Amino acid sequence: ALQRTLEFEEELAEKFGGGTRSKDAVDDNEETERSGNKSQTVSDIRKKYEKKLAAHDGSQHEEQDGQKDSSVPGAGFNFRGIISSCFEPHLSVYIELEEKTLMDSLEKEMLEETWEIEEGSQTNILSSSIKVFVIIRRSLKRCSALTRNQTLFNLFKAFQKVLKAYATKLFARLPKGGTGIVAAATGIEGQIKTSDKDERVICYIVNTAEYCHKTCGELADNVSKLIDAQFADRVDMSEVQDEFSAVITKSLITLVHGIETKFDSEMAAMTRVPWSTLESVGDQSDYVNGINLILNSSIPVLGSLLSPIYFQFFLDKLASSLGPRFYHNIFKCKQISETGAQQMLLDTQAVKTILLEIPSLGKQTAGAASYSKFVSREMSKAEALLKVILSPIDSVADTYCALLPEGTLTEFQRLLELKGLKKADQQSILDDFNKRGSGISQPTIMAPSSAPNTSIAPVITNAAASPGAITSREDVLTRAAALGRGAATTGFKRFLALTEAAKDRKDGPFRKLFNG
């Protein structure tokens, strides 16, 4: 009925609108259409144009007799909306029908979604997202042909509901962790196990959510251009876009957790190595090879499917997880001998090299510089911890304070246990450590007095230290340079050769620890 009414108004406009309307009438008609006056009452419109026609009639006395009389009743009259505007308050039923149709279409598309990408596709996005927006555009076209007032705005709000529902369905498809008693009590999900297919699907969800985020903005722009001016400022898709942004973030974090879970077996294998009884330093351990195998299996696929910005986000999250995890995993090991610490240090260098090669493995090196710096910083903490374990008993406290200035008493005590010291032997060293007071966790840093050269390491002062205490990092490093000297292990020379060949071994102020 509304469609027929609109067609009737068009016919009226063609037959009785007048083809010789004055410029004022034309301008006023265009202004009326722009400002959305379709909802005016017929009497208001008639009064407005009667005044204009009366003024127009007065000017006809000066026109030539041969000129066409443009004061015919109806000339310049805007017929559009004089009847159809009566439908506007009652079109909620139409919007309800459109929303139901859209939701049913969404359900149908999700049931048919294969969560795979067609071979040869260049977009790497799920087909359901494209179909959902096609359906929405058709709905927009139908409604804008009928009305561009409140009803169109109500339909836009229906679009928001449908797109939020789609974001929820994407979110629900992500692999979930455990939901046992511990997870319920802590609010933390359990381990997330992901297969190779799961990793691909997660990447497709990331790309699809990115596509939806972008297309939502374009849809809002289109609606703003079509809808009457009084509603244009209220057309906003930011909440929907936030939903898709949340899907992207959760997907990437899920991807990181899945990789972390794959590392569980390798981290456990690291703690089972008999570090206290190793007789010599050899090649990198089996758990390092396992880590390398996992990354070589997953990273190339992720690099090919994720855009550079999201691959970089994934790398940053992975590095911030694996670096600290490797450090804390050292404390989970049992006693570590000198040879064991040398082997573990070699493994640490190998893991560091593997992590540094991830951007190249994924063939995305745009943001590799910041990632490499972060990995080097995190893995250097594990290296420093192992160097403390290698240090002589009489200087272990000084070395720990210099290499790990943010260390804690609990960590230091656990480190002494890793060195194999008994409780009775630990006490004097702990007393020496405690004399430093709060200087360990909050060291006082002073620039060197001779210092135009800012590359010189700052001096760590500690008023509570004993008179014979070492007062600068360089002094500690000099004393610690004897680490491993005279080690009665047949593989120590080989260890030095291997660490020399390790990537980035030339960097950092701790190289002199291995000059022996």
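Is Lys-100 buried or exposed? Lys-100 turns out to be exposed, at a relative accessible area of 52%, where exposed stands for over 50% relative accessible area, buried for under 20% and partly exposed for what lies in between (1.4 Å probe, protein chains only). The model is a predicted one, so local features need pLDDT of at least 70 and side-chain atom pairs count only at pLDDT 80 or more, while totals for chains, interfaces and linings use all residues. Residues are numbered from 1 along each chain as its sequence is written, and side-chain values use heavy atoms, with hydrogens and water left out.

On the whole-chain level, there are 20 helices and 2 strands. Both kinds of element are DSSP runs numbered from the N terminus, with helices being H or I over at least four residues and strands being E over at least two. Of the 516 residues in the chain, 45% are buried. Among contacts between residues at least 6 apart in sequence, 77% join residues at least 24 apart; a contact here is heavy atoms within 4.5 Å.

Next comes the pairing of two helices. The axes of H5 (residues 127–144) and H6 (residues 150–173) come within 10 Å and cross at roughly 170°. Axes are lines fitted to C-alpha atoms, for helices over the stretch in contact, and the angles run from 0 to 180 degrees between N-to-C directions. H5 and H6 are therefore roughly antiparallel to each other, a label given to angles over 145 degrees, with those under 35 called roughly parallel, 65 to 115 roughly perpendicular and the rest oblique. On the H5 side, the residues that meet H6 are Ser-128, Ser-129, Val-132, Phe-133, Ile-136, Ser-139, Leu-140 and Cys-143. Their partners in H6 are Thr-151, Leu-152, Leu-155, Phe-159, Leu-163 and Tyr-166. Sorted by class, this contact has 10 nonpolar, 4 polar and no charged residues. For that sorting, Ala, Val, Leu, Ile, Met, Phe, Trp, Tyr, Cys and Pro count as nonpolar, Asp, Glu, Lys and Arg as charged, and the others, Gly among them, as polar.

Leaving out residues up to four places away in sequence, Leu-219 touches Ile-136, Leu-140, Phe-159, Leu-163 and Met-237. Leu-219 counts as buried, at 4% relative accessibility. Met-237 is 18 residues away from Leu-219 along the chain, and their C-alpha atoms are separated by 8.4 Å.

Two serines are worth a look too. Ser-251, in helix H10 (residues 238–272), is buried at 0% relative accessibility. A polar atom of the Ser-251 side chain lies 2.6 Å from the backbone oxygen of Val-247. Not counting residues up to four places away in sequence, Ser-251 touches Leu-174, Ile-202, Ile-205 and Val-206.

Ser-298 sits in helix H11 (residues 286–305) and is buried as well, at 1% relative accessibility. Its side chain makes a polar contact with the side chain of Glu-199 at 3.1 Å. A polar contact is a pair of N or O atoms within 3.5 Å; within protein, one must be able to donate a hydrogen and the other to accept it, and residues adjacent in sequence count only if both atoms are side-chain atoms. Setting aside neighbours within four places in sequence, Ser-298 is in contact with Glu-199, Ile-259 and Lys-262. Glu-199 and Lys-262 also belong, with Asp-196, to a network of salt bridges.

That leads to the charged pairs. Side chains of opposite charge can pair when their charged atoms come close. A search of the whole structure finds 16 salt bridges, each being a side-chain nitrogen of Lys or Arg within 4 Å of a carboxyl oxygen of Asp or Glu. In one of them, Lys-100 joins Asp-104, with the closest N and O atoms 3.0 Å apart. These two residues are separated by about one helical turn because they are 4 residues apart in helix H4 (residues 92–112). Asp-104 is partly exposed, at 41% relative accessibility.

Glu-112 and Lys-108 form another salt bridge, at 3.1 Å between the closest N and O atoms. They too are 4 residues apart in H4, so about one helical turn lies between them. Glu-112 is partly exposed at 44%, and Lys-108 is partly exposed at 45%. Glu-417 pairs with Lys-423 in a salt bridge whose closest N and O atoms are 3.2 Å apart. Here Glu-417 is partly exposed at 27% relative accessibility, whereas Lys-423 is exposed at 55%.
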